[in-house]
Amino acid sequence: MTKKYEIAPITAARRRELQKLEQVLGVKFNNIELLHVALTHKSYAKTLEANEELNADPNAEITKFAHNERLEFLGDAVLELASSIYLFTKFENLSEGELTKTRATIVCGSTLTRLATNLGFGQALFLNYGEFQQGGRKRDSNLEDAFEAVIGAIYLDQGWEVAKDYVWRQLADEFKNVKLGKTAVDFKTVLQEYSQREFEGTLPEYIGISESGPPHNRTFEAAVKVNGEIMGQGVGRSKQLAEKAAAEVALKKLKLIE
């Protein structure tokens, strides 16, 4: 029998850390436990659960500890809506396809990872020892998830308007770049996020097709599979450039960009 999720204990030092983070975020939480959970990695929760199970009476209820995956799910939806509203209202000249492309560029994983790093989320993450030893504080996926989970926490604690304003503040520089025409689509990241979202976490698979030319002037050809189907092929002066070209073709085929 499983009972309601418990919150990992908050020490006095952890509470001070979260209160400092509130100042960085510009958001004062009514329930600071939400921010704590948003920055609790599943590895830490699983370790607490394992310790509980090891020491518990065999007939006792199993204690489950909350981590940030559910908040990340919610924050992802809030992030998408908030960024969509901003682009829709501020860029009336953009078509539906251009809005989609611009949004994908702005909220791509590399942007969220960079913002999470700048906000200090990596240092604030609760990880188990193994995840910490493997560089979990700097792992892109952990930082991206934490960024979205914090948005989810803000939404639950403060409501839509505060969460929307927070997203707009965090993305202010990205929106400014759109106005200045400085955005550039990261084709591989956009394709990866599409594949993960649409096919239950499945990543695109890049395949080297051929290499040709002299050593000082090589040409590479690559293909990309999405959900097991080849969706694009590309050519470039390096494997990376060939893969980017293949990803661009795939995105066009999927009508995610024009």
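Which residue lies over the face of Tyr 206, and at what distance from the ring centre?

Analyst: The model is predicted. Lys 188 lies over the face of Tyr 206, and the distance to the ring centre is 4.7 Å. There is also a lysine at a tryptophan: the charged end of Lys 164 sits over the ring of Trp 168, 4.7 Å from the centre of that ring.

Trp 168 leads on to the contacts between rings. Together with Tyr 86, Phe 91 and Phe 175, Trp 168 forms one aromatic cluster. The structure holds five aromatic pairs. One of them joins Tyr 86 and Phe 175, which are stacked, with 3.8 Å centre to centre and 10 degrees between the planes. This pair links distant parts of the chain, since Tyr 86 belongs to helix 4 (residues 69-90) and Phe 175 to helix 11 (residues 172-180), 89 residues apart. Both Tyr 86 and Phe 175 are buried.

Another aromatic pair is made by Tyr 194 and Phe 199. Its geometry is edge-to-face, at 6.1 Å centre to centre and with 80 degrees between the planes. As for accessibility, Tyr 194 has a relative accessible area of 16% and is therefore buried, the cut-off being under 20%. Phe 199 has a relative accessible area of 25%, so this residue counts as partly exposed.

Key: Residues are numbered from 1 along each chain as its sequence is written. This is a predicted model: local features need pLDDT of at least 70, side-chain atom pairs count only at pLDDT 80 or more; totals for chains, interfaces and linings use all residues. Side-chain values use heavy atoms; hydrogens and water are left out. Rings of Phe, Tyr and Trp (its six-membered ring) pair if their centres lie within 6.5 Å; planes under 30 degrees apart count as stacked, over 60 as edge-to-face and the rest as tilted. Helices (H or I, at least four residues) and strands (E, at least two) are DSSP runs, numbered from the N terminus. Buried means under 20% relative accessible area, exposed over 50%, partly exposed in between (1.4 Å probe, protein chains only). A charge sits over a ring if NZ of Lys or CZ of Arg is within 6 Å of the ring centre and within 35 degrees of the ring normal.
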